[in-house]
Amino acid sequence: MASMVENGTHFGKISFLVLYLLLNLAIVSFSYNLEQSSPIVKKQSNTDGSSSLFGFALTLHQQDASTFWVLVGAPEYKINNLQSGAVFKCPITNRQNASDCHRIDIDDNFATGDMQSYFSHHFAASERQPKFGQWLGASVATGGPGKRAIVCAPRFQNIFFENGNYQYRLKGKCKILNNTLERFYGRESYDPFIFSGSIKGGNVQLGWASSFTTNYLPIIGAPGASYASNANNFEGTVAEVTEFNPSTSSGTYKLAIYDTNNNAIKNNPDLVSSEYDDTLVGYSITSGRFLSQNEQIIAAGAPRANIIGQVKFYKQNSGALELISNLTLSGNQIGERYGTSLAAVDLNNDGFDDLVIGSPYYSRVKEEGRIYIYFNTGKGGFVERGFRIGRVTNGAFGLTVTSIGDIDQDGFNDVAIGAPFDGNNKTGVVYIYRGDGNLGLKRSFSQAIDAASFANMKLNGFGIAVSGKIDVDKNGYPDVAVGSYESDTVLVFRARPKLSINTTFIVSQQIIKRNESKSCVYQGNKHACVNATLCFSYRSKSIQSSWNLNVELEADANTIPSRVFFENGQNKIKKTVAILTTQSCNQYTLFLKNEINNFISDISVTYRYSLSEDARPTNSPSGELFQVNAFPIISADVPTTGSRIISYEKSCFNSSICIPDLHLNASIIWNGNYPAISVGVTNVVNINFNVNNTGDDAFNAKLYVHLPAGVEYLQTQSDTVCNQNVNSRLLDCPVGNPLTKVQRAIKLRLAFDVRRIALNITRLRFLVNVTSLGNEKPSALIDNQLLLNINITYNATLVMSGISRPDVVTFGNEIYGESAVKQDSDIGSLVIHDLYMRNIGPGVYPPVRIEISWPSYAPSGKHLLYLISLNMSSNAKCSVKSGILNSLNVPVTQRTNVSARFGSRLTRRKRDYDTPVPTTSYTGSDLKCGNVICDTFTCDIDYLASQQSASISVISRLWSATLASDYGTQNVRASSSIKLIFALVTNQITQSNSNTVSVTTTITSSITTTPQPVPSYIYVLSIVGGLIFLAIIVFILYILGFFKRKQLPKISAPQQRRPEFRPSES
């Protein structure tokens, strides 16, 4: 607002409004007793559709005992196309048409034509006072029921010709209206010229704020006034009209001066110190009984004083208003604009007026706004009683602060706080705070009226002006009017009457026995019962009728399941009952269930109620209003809920409090001599528990066992039945209700299944405790719990092995390239590696993760063993990256699928696991990871019981083309491997073979070699060479004389004789 005061030549909407930013938070709108469903709505825009700022200022006005108006300012309303502003009086009807509001004839002496001709026509050349842009209606105020009203035009201009140029001064002026809201004829107005030159300065802006004292004298703020002629120092001032003659509109005026002790300033106001520059005294104005109950003191806001803001106080003194120099209130934060708005209101009913001061720019995060609450000490001072802070940034909370009277008739005056940029759509919220004798205002608002809740009206700037204290519908409760200037709308919210409801709630028995006699019957069964009687009556200021209440009773809500029920079979019952000004009662029967375990906790019976309301009608378009008296509210000071307690009789030293003393011990039952669990061998652990009580009765005594992970409860070897929540590891076993000290110790033997405990632990810890509903002494709780530790041992052996099917494959001459492959059989021979993991006991083996490495590609990057698919047993699950299995999407033949399924059902003999596969001597290339390119993937194997196995079959095709091109007729050997990469292995777990096992397939070549024909020249050369070689041999033999041998002499043959036979000498 201060920027408007400073910029006197700007003709437009209030420039201070552009300082606010968009809202960034949401407000939840809820109501108390101002009726929001169907408010009285008034609208008044310019005839050309432009905004008139109707609702920028307003006040509720009571003309007489039966006539009420809303006096509304529209500072930019156009008359004869000249934007002078206007003031309207609107009746309390529901008609929204423009003719419903009557423009008050205040400034109608306009003529058509341009500005220059207008000035020449109406004013002398030396001084002109045009009304264009004067902002008539920027402030309006009423003196009370049947009293006068004041309307102001703070931008009324004084235009004069000086040194060849027109000079503009926003002097401002105000006019007094009679109680019928018509102007007094005679002298035209109160303006700066009537003050005999006492108000000096360039842009005085008299009438920016206006009000009345409680003795009906007009007071006016002029925040632009300066004590130097034609200066623009904006010290500001206030004026009070102490006498008034309606026939002449003349009066005696008192002005505020800053220092009555400085005669130089009194005699020469031009000497006022510069420390008062830019304080804007008179920006807001009010009056009240601040120093005494008989004297009116004026309070004026100066939001720029000391850069923080102040509120100054003035009293009448010798024809002038004297500043009370020792009474000044100041803000706390630079730039918060403390004093932008003021409300004088007696909050604590002590006869002195207190103060509520607005600081709309106060920042906790960013300009949320704040109001300060001050109690009057009654000794000439104020004490800060608290503050309330806006809920959203840039919301302008506190831009408007208004006393609205006691709208709920609780004996304390209430206050409305306008925040025109607050709310869900930054369109404005008005907060209603109820008065409080101790706090000034309640800590939380009782009602938030959000403009966004009236979506069809498209309100904006809601809360810029608020007025109250007037009961326009005469139902005994003051009503509230709110201006929404950016949408040219005013809404009047009527207050609904209030019911102060008196409640009496009685139960027939507050103490019941555990064996209470069953005197009531429900559906043929006898039950113990208690009667509950609930009675209502109400008080109200203005209405006497019968009203319906929705009543709900709920019993034992904190106990599940509930131990009681009403005649409807539930622990909750709802009814509609009629209430009058005289007391009326209803009785309810509360049945106790026959099977009850909890005898120590109390049974709470709670009632709650609300008014039963029909849908509220809307106001008639013809102007008639619906009767809000038909829709009362329940007083916020009266609780709408209450309860009674029913207790069980207890045999305790103190009849109301039982103090038991429980004791717990436990022992583990071992079958052998070694006190430990051998996982997989030891399946069940039995534990004995003993519980006894040496104090008062222990009601609902229970033994709780916190089960370690992997341990499951099996059974109780006694009559006690233990319960375990499905989603919990907590086992609870009842041991007595009550467990008395005369009983012998309760003995329980519990059996637990330990077969699924994790293998990474070396000890089981059972946390056991015993509790009851009694108040056991803390010093006695030491033996109520214990920790059982059981050692764990493990003994399990995992064997990994594998076979190749077949173990030898052959590739031949018929080969296909990658593009020629039509189905998987075109690739080459089927190769399946069956991998096995077997736990040979004696215990359970934990889940393991294995890594399988597969020779998918030769070193050249060509396919080697082309992976087709995997088959797994139900306790194995493999995770294979995309693009590894059947990467070429080759159609798989039925034979491959049958072979794969067959392999998955294979079972191996025990010796296949225990005996290594014999190997034969081999020479050739080993195609294994490191030498070839392998794909790897992992498989998770679940728990394996003793002698249980898991299997994985890897199905592939030998890519014959790669073997033929890269290895020819060589024999090679391709190997896959299984590696145990993760297992919960402790030093008690052994394996019969290494953590890595290889499976090998021998690959032989069936390629044959065909002889090639010998060229003919080879034959010729061979023959020639042979002849030459023969010639050389013959020649050598000739040289050696081989061919020159001598002839032997002829010898005649000997004469043959006939052999003689003689006898042997032997």
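Modeller: Strands are DSSP runs of E at least two residues long, and helices are DSSP runs of H or I at least four residues long, both numbered from the N terminus. With these terms, aspartate 410 is placed in the loop between β25 and β26 (414–419). The model is predicted.

Biologist: How many helices and strands does the protein chain have?

Modeller: The secondary structure comes to seven helices and 67 strands. Of the 1066 residues in the chain, 51% are buried. Contacts between residues at least 6 apart in sequence join residues at least 24 apart in 70% of cases.

Biologist: Why is aspartate 410 called buried?

Modeller: Buried means under 20% relative accessible area. Aspartate 410 has 17% relative accessibility, so it counts as buried.

Biologist: What makes the pair of aspartate 410 and phenylalanine 412 a polar contact?

Modeller: The N or O atoms of such a pair must lie within 3.5 Å, with one able to donate a hydrogen and the other to accept it. A polar atom of the aspartate 410 side chain lies 3.1 Å from the backbone nitrogen of phenylalanine 412, and that distance is within the 3.5 Å cut-off.

Biologist: Which residues does aspartate 410 touch, not counting those up to four places away in sequence?

Modeller: Aspartate 410 touches Arg434, Gly435, Lys498 and Asp637.

Biologist: How many disulfides does a search of the whole structure find?

Modeller: The search finds seven disulfides.

Biologist: How do you know that cysteine 722 and cysteine 733 are joined by a disulfide?

Modeller: The test is a pair of cysteine sulfur atoms within 2.5 Å. Cysteine 722 and cysteine 733 have an S to S distance of 1.9 Å, so they meet this test. Their torsion about the S-S bond is about 115°, so the disulfide is right-handed. Cysteine 722 is in the loop between β50 (712–716) and β51 (723–724), whereas cysteine 733 is in strand β52 (residues 730–736), so the link ties together parts 11 residues apart in sequence.

Biologist: What makes cysteine 722 and cysteine 733 count as buried?

Modeller: The relative accessibility is 8% for cysteine 722 and 0% for cysteine 733. Each value is under 20%, so each residue counts as buried.

Biologist: What makes the pair of cysteine 878 and cysteine 939 a disulfide?

Modeller: Their sulfur atoms are 1.9 Å apart, within the limit of 2.5 Å. This disulfide is right-handed because the torsion about its S-S bond is about 100°. The pair links distant parts of the chain, with cysteine 878 in strand β61 (residues 876–879) and cysteine 939 in strand β63 (residues 933–941), 61 residues apart. Cysteine 878 counts as buried at 17% relative accessibility, and cysteine 939 is buried at 0%.

Biologist: Is the link of cysteine 929 and cysteine 934 left-handed or right-handed?

Modeller: With -105° about the S-S bond, the link is left-handed. The sulfur atoms of cysteine 929 and cysteine 934 lie 2.0 Å apart, which is within 2.5 Å, so the pair is a disulfide.

Biologist: Why are cysteine 929 and cysteine 934 called partly exposed?

Modeller: Exposed means over 50% relative accessible area and buried under 20%, with partly exposed in between. Cysteine 929 has 34% and cysteine 934 has 22%, so both residues are partly exposed.

Biologist: Which residues are the closest to the centre of the largest pocket, and what is its volume?

Modeller: The largest pocket has a volume of about 1,300 Å³. Of its 49 lining residues, Ala141, Ser210, Ser211, Ile285 and Thr402 are the closest to its centre. Elements that give two or more residues to the lining include β8 (139–142), β13 (209–212) and β25 (400–405). The most comes from β31, with seven residues. By class, the lining has 25 nonpolar, 20 polar and four charged residues.

Biologist: How do you know that alanine 141 is buried?

Modeller: Alanine 141 has a relative accessible area of 8%, under the 20% cut-off, so it is buried. Alanine 141 lies in strand β8.

Biologist: With which residues is alanine 141 in contact, leaving aside neighbours within four places in sequence?

Modeller: Contact means heavy atoms within 4.5 Å. By that rule alanine 141 is in contact with Thr59, Ala149, Ile150, Ser210, Ser211 and Phe212.

Key. Residues numbered from 1 in each chain as written. Predicted model: local features only at pLDDT ≥ 70, side-chain atom pairs only at ≥ 80, totals over all residues. Heavy atoms only, no water. 1 Å grid on protein atoms, 1.4 Å probe; cavity = no way out; pocket = protein on both sides within 12 Å on 5 of 7 lines; lining within 4 Å. Points joined across faces, edges and corners; volume = space filled by probe spheres on them. Nonpolar A, V, L, I, M, F, W, Y, C, P; charged D, E, K, R; others polar. Buried < 20%, exposed > 50% of the residue type's maximum accessible area, 1.4 Å probe, protein only.
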